[in-house]
Amino acid sequence: MTEGILKAEIAHQVSGKTFLGNPGIGNWRDLYEVLQALKKRGLSHVEEVYDMDKQLRLICDKKYSEICEECEERKKEGDPYFECPKKRVKRDTIRKGCNHTYRICEELSLSCNRNQWDLDQDGLWAEHEKGIDDWLTKEIRKNTR
């Protein structure tokens, strides 16, 4: 299961594996019915491959101009490692969607693994390959050289 229908299609085309593309991480309300229907057809295991911004580093890097003034004030106060509030909301929203997926799988007695890639030494996203489609494409290119 991944985030986005096009991403699921690309990942399938690249790998030959089946992907369920959730239209967005927050669109979990219909997921129960979809997984329930797939379970009736034999599904027993789900691999969660939502985008890696679920491991987004929260330190401010001035990427969100509309709230960067707050960051500038905190920088003046001498805290170079403060969290970006926009990144915190984004990461929390993604993780909430992931948790809904895990909960639904548990309710349906489907095993579920969370997958991660492109992590740095701190276990956070290194910001190279965000989606499973990006990662699979990179792996295939690497293996065909």
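**Helices and loops of a predicted model**

Biologist: Which residues of helix H4 are buried?
Modeller: Helices (H or I, at least four residues) and strands (E, at least two) are DSSP runs, numbered from the N terminus. Buried means under 20% relative accessible area, exposed over 50% and partly exposed in between, with a 1.4 Å probe and protein chains only. By that rule, the buried residues of H4 are Lys 87, Arg 91, Ile 94, Gly 97, Cys 98, His 100, Thr 101, Ile 104 and Cys 105.

Biologist: Good to know! What kind of model is this?
Modeller: Residues are numbered from 1 along each chain as its sequence is written, and side-chain values use heavy atoms, leaving out hydrogens and water. Local features need pLDDT of at least 70, side-chain atom pairs count only at pLDDT 80 or more, and totals for chains, interfaces and linings use all residues, since the model is predicted.

Biologist: What do the buried residues of H4 pack against?
Modeller: Contact means heavy atoms within 4.5 Å. On that basis, the buried residues of H4 pack against helix H2 (31-40), strand E3 (45-48) and strand E4 (111-114).

Biologist: How do H1 and H5 lie against each other, roughly parallel or roughly antiparallel?
Modeller: Axes are lines fitted to C-alpha atoms, for helices over the stretch in contact, and angles run from 0 to 180 degrees between N-to-C directions. The axes of H1 (residues 5-15) and H5 (residues 132-143) come within 8 Å and cross at roughly 20 degrees. Angles under 35 degrees count as roughly parallel, over 145 as roughly antiparallel, 65 to 115 as roughly perpendicular and the rest as oblique. The crossing therefore makes H1 and H5 roughly parallel.

Biologist: Where is Ser 109, and is it buried or exposed?
Modeller: Ser 109 sits in the loop between H4 and E4, and its phi is near 60 degrees, a positive value in a residue other than glycine. Most residues other than glycine have a negative phi. Because its relative accessibility is 59%, Ser 109 counts as exposed.

Biologist: And Glu 127, which class of accessibility does it fall in?
Modeller: Glu 127 lies in the loop between E4 and H5, with a positive phi near 65 degrees. At 32% relative accessibility, Glu 127 counts as partly exposed.

Biologist: Last one: which residues is Asn 115 in contact with, leaving aside its neighbours within four places in sequence?
Modeller: Asn 115 is in the loop between E4 and H5 and, at 24% relative accessibility, counts as partly exposed. With those neighbours within four places in sequence set aside, the contacts of Asn 115 are Glu 47, Glu 48, Val 49, Met 52 and Lys 54.
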